Each structure stands twice: as C-alpha cells, then as structure tokens.
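Dear colleague,

I am handing over a structure that I have been reading, and my notes follow it. Please keep it open beside you as you go through them.

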Amino acid sequence: VDDESEVLGVNTAAQLCEAAVYLRWRILGRLMLSGVTIADPENTYIDEGVSIGPGTRILPFTVIRSGVRIGSNCEVGPFTHLRPGTVLEDGAEVGNFTEVKASVIGPGTKAKHLSYLGDVTIGAGANIGAGTIVANYDGKSKHKTEIADGAFIGSGTVLVAPVKVGENAVTGAGAVVTRGQDVPAGQVVIGVPAKTLKKGEKAR
C-alpha cells in the first residue's frame with residue numbers, strides 16, 4: 001500500500017492509540033482542505049461523521065463528537081465540547097468551557113462562556129450569558145427548552161426545562177426560570193424564582 005498506516009495492526013492499547021492518531025489527522029486534514037481553520041490540530045479532537053462549513057474556526061482543546069453539524073463562518077472553542085445531535089447554524093459562536101448536547105444554536109447566536117446547553121433550540125441573534133445552565137433532566141426524563149430570536153439570557157441564568165423564552169426577552173443575572181413558567185416575548189424576568197420586572201420597576 002502507499003500509506004502503511006492503512007494496515008497497522010492493533011493488538012495493544014498503545015497500538016490503538018497510534019491508529020487513532022492517524023485517523024484523527026486524516027479527519028482534520030480533510031476539514032482544513034475544505035476551508036475550515038483549525039488553530040491547533042494537535043489539541044483538537046473531531047470524530048468521523050462531523051460536518052463543518054467553510055470559514056469556520058475551531059480553536060484549541062475542542063472536542064466534537066460524531067453527528068454534529070456546524071455551518072459556515074462559525075467559531076468553536078477553546079475548551080468546547082459538542083456532543084451528538086448538536087447543530088450550529090451559520091455564524092454561531094460557542095466558546096470557553098461550553099458543552100452543547102442535542103441542541104440547535106441559531107445563526108449569529110453566541111454562547112461564549114461556561115455554559116451547559118442540553119436539549120435546547122435557540123433562534124437567531126440570541127446571547128447566552130456566562131454560566132447559563134439549561135437544566136434538561138428532572139431525574140427521570142429529559143425535557144426541551146426553546147429560546148427565541150434575539151433573546152438575552154443573563155449571566156448565571158438557570159432555565160428549568162420544559163420552558164420557553166420569547167423573542168427579545170431578557171433574563172436578569174442569576175435568574176432561575178422554573179419549569180413551565182414561560183417568559184413572554186419582550187419581557188424581562190429577574191430573581192429566584194424568576195418573576196416579571198414590571199414597567200418602571202427597578203431591579204435591586
């Protein structure tokens with residue numbers, strides 16, 4: 001054969017690791033040839049079965065599992081974990097220490113810091129503040145969360161699924177939106193549990 005790595009034997013854990021390295025570089029090389037920028041290939045882990053559009057940047061210490069689809073001109077990482085079922089639409093950004101599972105991140109939406117996004121659909125142009133948690137598991141079942149276009153999720157917000165956040169709605173920092181307590185479009189909610197901030201009222 002032209003490439004001896006294609007016929008490597010795997011009989012030990014060390015040989016399995018060696019074969020995995022060859023496969024990983026093959027995947028990364030194919031992505032880079034298609035127009036994806038991978039800033040640090042030695043510290044980037046992308047499974048087979050991942051689709052990434054041209055113009056997207058993958059930053060160091062990122063892990064992307066099989067079944068993830070990423071559009072064009074996105075930014076992923078550093079230290080990001082994208083699990084199966086994740087979709088990033090064009091221009092979405094997911095950053096430092098953010099984990100996404102079985103979720104859709106809409107075009108132009110940003111989730112840049114320290115967040116867990118599980119079983120959530122997020123529209124276009126939303127901002128997910130640092131430390132946001134989508135609490136999708138109640139101990140027995142997984143539940144869905146919806147965040148509409150233009151929503152602003154304040155730092156440290158917990159969204160207890162199932163719940164919906166309407167278009168251009170805002171959650172204050174540290175708000176806990178309990179299950180079934182949907183946030184209407186354009187409304188601002190604050191506190192634990194989150195309640196609507198009435199017109200003219202100031203948040204303490």
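In which strand is the place of Glu75? Glu75 lies in strand β7, residues 75–76, where strands are DSSP runs of E with at least two residues, numbered from the N terminus. Please note that this is a predicted model, in which local features need pLDDT of at least 70 and side-chain atom pairs count only at pLDDT 80 or more, while totals for chains, interfaces and linings use all residues. Residues are numbered from 1 along each chain as its sequence is written, and side-chain values use heavy atoms, with hydrogens and water left out.

Glu75 counts as buried because its relative accessibility is 18%, and buried means under 20% relative accessible area, with exposed over 50% and partly exposed in between (1.4 Å probe, protein chains only). Leaving aside neighbours within four places in sequence, the residues in contact with Glu75 (heavy atoms within 4.5 Å) are Arg57, Leu59, Ala92, Glu93, Val94 and Lys112.

As for the strands, β7 pairs with strand β10 (residues 93–96) in the parallel sense over 2 bridges, and pairing requires that DSSP finds at least two bridges between two strands. Within β10, Glu93 is the bridge partner of Glu75. Strand β10 is also joined by 3 bridges to strand β13 (residues 110–113), and these two run parallel, with Asn96 standing opposite His113 in β13.

Finally, Phe79 sits in the loop between β7 and β8 (81–82), and Phe79 is partly exposed because its relative accessible area is 37%.

Conventions: Helices (H or I, at least four residues) and strands (E, at least two) are DSSP runs, numbered from the N terminus.
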